Amino acid sequence: MSLISILLFATAVLVFLVGLVTFIGSSAKERKSSFWFLLAAIASTVWTVAIAVFLALPVEATEVAPRVILVIYVGAFLVSPTALGYVGWKYRIGRILTVISLLAGACLGVVILRHPELLYSGFTLARTGNSVELVHNWFNFVYIGYFVLVMGSFCFMAYRSAMKATSKRMRMGLGIFAIGMLIEATCAGIFDLILPLYVRYDLIWVGPLVLSVVIVAFFYAALKYRIVSVMRGWLKVMSYVVILASGAVVYMVIFYLIFTALFKIPNPSTSVLVLNFLMIVIVLLLMPVINEIAASIRSMISVGQVDLAYVVKKLNRIATKNVNLKDLAAFLADHLHFAYIGFVINGRLYGSKALAVSAEELTKIAHLRAVPHGVWQEPTKQVQEILDNLGLKAVAELKNAKGKPFGQIIVGKPLGKTNFERRDLVQLEMIINLVAMVIDSEKHLRA
């Protein structure tokens, strides 16, 4: 089996999953439209699989080939009308155009099934590539004209639906789908209608591949603009599978283009395909780990600023586990970029590194006056001398959910700076409040 056929099978499965997730995850208000999208996804899947099967047929499959050819061209009649139904079924003119296009497509499909000689005069199955000899007659021009009219109706209804959409997110989603389908119509018109009729047939796979890209791109837009909700656990898993599969398909397309350009070989060997497939699967499975490591390194090396999003995400994750206060202090020191961070709780110090502080000095720090507002405590002259000797810059209270202090956090010198800036204090105060919640919840868990 060629790499192109494998890609087409993969994208067909991908498109079907996208249609299913979009339909199930849509709101009750959008359920009818999403049903048309599901039909369009199923029609695209049938069309794509039929082309993949035909291109992969062996030389001896002469009895099967005619049926597969009919599925290709009859199945194509279902793609455009169902896409039109998705963007236009809400409106009267859209319903009329959808019904007319479906009836016209059904009539043309019946003609092909009853008189296939009007469509093609023969086919070729060869190791160098399979092809169909299309007939230059009135029927093929009607066939082309049908798709031009239906796709023109689609663009009209997509634009109208986008303009009438009540929310910006729906306008953006429909706009992306309309632009994508316009690109698909152009590619399909060139590679699936014009070139097979006049020049060459071996590029017929471009149309369904581009269509798959358009449908997946719309799925991403639907997720981004909240057109589709994936609150259920299994929908999230399916969405993640779609994302991983999309990455694999994109990689294999790039690999195919580079391989054929460099080595001038139409199909890589089976061992090369298997190796590349395994490599891309491994890379995609490792992506969460790679992203986590990259985010951690980026957060640590950016001394001039704090990656608040990463720190907050990490603290939220830590809150669900048993908290090791020394590890937590070390994490904060690394990612908030301070020379030292420590927690004073129940007379004990849990620091990011060893600190030569006596029990008496720790007691004086722990007994600083409580603050009614905010978190920063005002050191006495004696405590200030202790802080200066230890290289510490500030002390803040840790307060529980009821606002009662249960400990303190002591902070060293900010790295790369001589003193605190206002931004440092604001960022630190927000992080301190979150850290206090993490530590206080851990105290209750231990209790």
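Q: Which residue in strand E6 stands opposite Lys399?
A: This is a predicted model, numbered from 1 along each chain as its sequence is written, with hydrogens and water left out and side-chain values using heavy atoms. Local features need pLDDT of at least 70 and side-chain atom pairs pLDDT 80 or more, while totals for chains, interfaces and linings use all residues. Helices (H or I, at least four residues) and strands (E, at least two) are DSSP runs, numbered from the N terminus. The residue opposite Lys399 in E6 is Pro405.

Q: How many bridges join E5 to E6?
A: Two strands count as a pair if DSSP finds at least two bridges between them. E6 covers residues 405-412 and runs antiparallel to E5. The number of bridges joining them is seven.

Q: Which residue in the hairpin of E5 and E6 takes a positive phi?
A: The hairpin has five residues between its strands. Most residues other than glycine have a negative phi. Here the positive phi, near 85°, belongs to Gly403.

Q: How many of the eight residues of E5 are buried?
A: Buried means under 20% relative accessible area, exposed over 50%, and partly exposed in between (1.4 Å probe, protein chains only). Strand E5 spans residues 392-399 and is largely enclosed by the rest of the structure. Its buried residues number seven.

Q: Which residue meets Lys399 in a salt bridge?
A: A salt bridge is a side-chain nitrogen of Lys or Arg within 4 Å of a carboxyl oxygen of Asp or Glu. Side chains of opposite charge can pair when their charged atoms come close. For Lys399 the N to O distance is 3.8 Å, and the partner is Glu397.

Q: Is Glu397 buried or exposed?
A: Glu397 forms a salt bridge with Lys399. Its relative accessible area is 4%, so Glu397 is buried.

Q: How far apart are the closest N and O atoms of Arg200 and Asp202?
A: By the salt-bridge rule the count comes to three. Arg200 and Asp202 form one of them. Arg200 is partly exposed at 39% relative accessibility, and Asp202 is partly exposed at 36%. Their closest N and O atoms lie apart by 2.6 Å.

Q: Which helix holds both Glu360 and Lys364?
A: These two residues form a salt bridge, with closest N and O atoms 3.6 Å apart. Glu360 is exposed at 53% relative accessible area, whereas Lys364 is partly exposed at 25%. They sit four residues apart, about one turn of the helix, in residues 359-366, helix H12.

Q: Within what arc do the buried residues of H10 fall?
A: Helix H10 spans residues 308-318, and its buried residues are Tyr310, Val311, Leu315 and Ile318. They line one face of the helix, as seen down its axis. The arc is taken from the directions from the helix axis to the C-beta atoms. Its value is 130°.

Q: What is the area of the nonpolar surface patch that includes Val289?
A: Patches are made of residues with over 30% relative accessible area and no salt bridge, where like charges are joined within 9 Å and nonpolar side chains (Val, Leu, Ile, Met, Phe, Trp, Tyr) within 5 Å. Val289 lies in helix H9, residues 270-301, and is partly exposed at 45%. Other members include Leu275, Met279, Ile290 and Ile297. The patch comes to about 930 Å².

Q: Which residues does Ser80 touch, not counting those up to four places away in sequence?
A: Contact means heavy atoms within 4.5 Å. Ser80 is in helix H3, residues 65-88, and is buried at 6% relative accessibility. It touches Phe147, Val150 and Met151.

Q: Which residues is Ser34 in contact with, leaving aside neighbours within four places in sequence?
A: Ser34 sits in helix H2, residues 31-56. Its relative accessible area is 4%, so Ser34 is buried. The contacts are Thr22, Phe23, Ser26 and Tyr86.

Q: What percentage of the accessible surface of the protein chain belongs to carbon and sulfur atoms?
A: The chain has 14 helices and six strands, and buried residues make up 48% of its 447 residues. Accessible areas come from the Shrake-Rupley method with a 1.4 Å probe; for residues, only the protein chains shown count as cover. The surface totals about 23,200 Å², and the carbon and sulfur share is 66%.
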